[in-house]
Amino acid sequence: MSTDLIAAARDVVARARRVVVLTGAGISTDSGIPDFRGPNGLWTKNPAAEKAADIRFYLGDPEVRRAAWQNRLTTPAWTAAPNRGHEAIVELERRSQLHGLVTQNIDGLHQKAGNASDKVIEVHGTVWFTRCWDCDDRRPMDQALERVRAGDADPACLECGGILKSDTISFGQALVPEVIERAMQVSDDCDVMLAVGSTLSVFPVANCVPRAKAAGAHVIIVNGAETAMDRFADWLLVGQISEILPALLS
Ligand SMILES: [Zn+2]
């Protein structure tokens, strides 16, 4: 990685007024959160977890839900700490340059690092809350985990008795239109789009990149490997995210 390349990209960020950051799993792997399909991925090592992530199996099979609740007790997100990559993005907010932080991650590490909740647009939801499939009641995940620990293997909604799940978007489940709309709006209205740790191959969120480009933004892509949107990048910074981001945003 050329330091000149990082320096040139850093100048662009330094001059920016509205930066949108889009993050994927790659920013959290340095915090010990496994990605899903990599060699050490969650689903590679535990195919049952992939089944639990499919809304049809989850709703249709109490056994799948009981296994999912047991897995939730030890979700790495509960104990993971943000890394230097997350912290660098907080710095961007402190400088009042952060227009929006769109994330595909469900681990809550951006908020844990110190980004304001209202800046973080969680397009795939969060593991820190539960949501009732029937009545939409939303509560802190802690409350449900407490019930699981006390012996309720598949805790039902306290409001209506419906099926509870983490407030994440499962396979087969629709995205939340308002959330996606907000991600697109901030992308249409930024002068720098900084995409970090995402293969940019999951839609519609990957469209944030061409949308920003079409609106005249500079596009900076930081990732450990190539992405599906590399052709839109003005700067392509390939390497260790937790090293590149501090250099880029400091
Ligand atoms: Zn309910």
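Tutor: What follows treats the first helix, then its sheet, then some backbone details in the loops.

The model is predicted, so local features need pLDDT of at least 70 and side-chain atom pairs count only at pLDDT 80 or more, while totals for chains, interfaces and linings use all residues. Residues are numbered from 1 along each chain as its sequence is written, and side-chain values use heavy atoms, with hydrogens and water left out.

Helices (H or I, at least four residues) and strands (E, at least two) are DSSP runs, numbered from the N terminus. Helix H1 covers residues 3-15, which is 13 residues. The expected span of a helix is 1.5 Å times one less than its number of residues. For H1 that gives 18 Å, and the C-alpha atoms at its ends are 18 Å apart, so the two agree.

Which residues of H1 are buried? They are Ile 6, Ala 9, Val 12 and Val 13. Buried here means under 20% relative accessible area, exposed means over 50%, and partly exposed lies in between (1.4 Å probe, protein chains only). Viewed down the axis of H1, the buried residues fall within an arc of 120°, so they line one face of the helix. The arc is that of the directions from the helix axis to the C-beta atoms. Thr 3, Asp 4, Ala 14 and Arg 15 are exposed, on the face of H1 turned away from its buried side.

The buried residues of H1 pack against helix H6 (84-94), strands E7 (192-196), E8 (218-223) and E9 (235-238), and helix H11 (241-249). Contact means heavy atoms within 4.5 Å.

Three of these partners, E7, E8 and E9, belong to an open sheet of six strands. The strand order is E3-E2-E1-E7-E8-E9, with parallel pairing. Two strands pair if DSSP finds at least two bridges between them. Strand E3 (120-122) and E9 are at the edges, each with a single partner strand, so one side of each has no neighbour in the sheet. From one strand to the next, the twist averages 15°. Strand E1 (residues 19-23) runs parallel to E7 and is joined to E7 by five bridges. Within this pair, Val 20 stands opposite Met 193 in E7.

H1 packs on the sheet by touching E7, E8 and E9, and the direction of H1 makes about 125° with that of E9. H11 also lies across E7, E8 and E9, running at about 150° to E8. For these angles, axes are lines fitted to C-alpha atoms, for helices over the stretch in contact, and angles run from 0 to 180 degrees between N-to-C directions.

Some loop geometry remains. Leu 200 is in the loop between E7 and H10. Leu 200 has a positive phi of about 55° although it is not a glycine, and it counts as buried at 1% relative accessibility. Pro 204 lies in the loop between E7 and helix H10 (208-214), and a cis peptide bond with omega of about 5° joins Phe 203 to Pro 204. Ser 96, in the loop between H6 and strand E2 (98-103), has a positive phi of about 60° and is not a glycine either. At 63% relative accessibility, Ser 96 counts as exposed.
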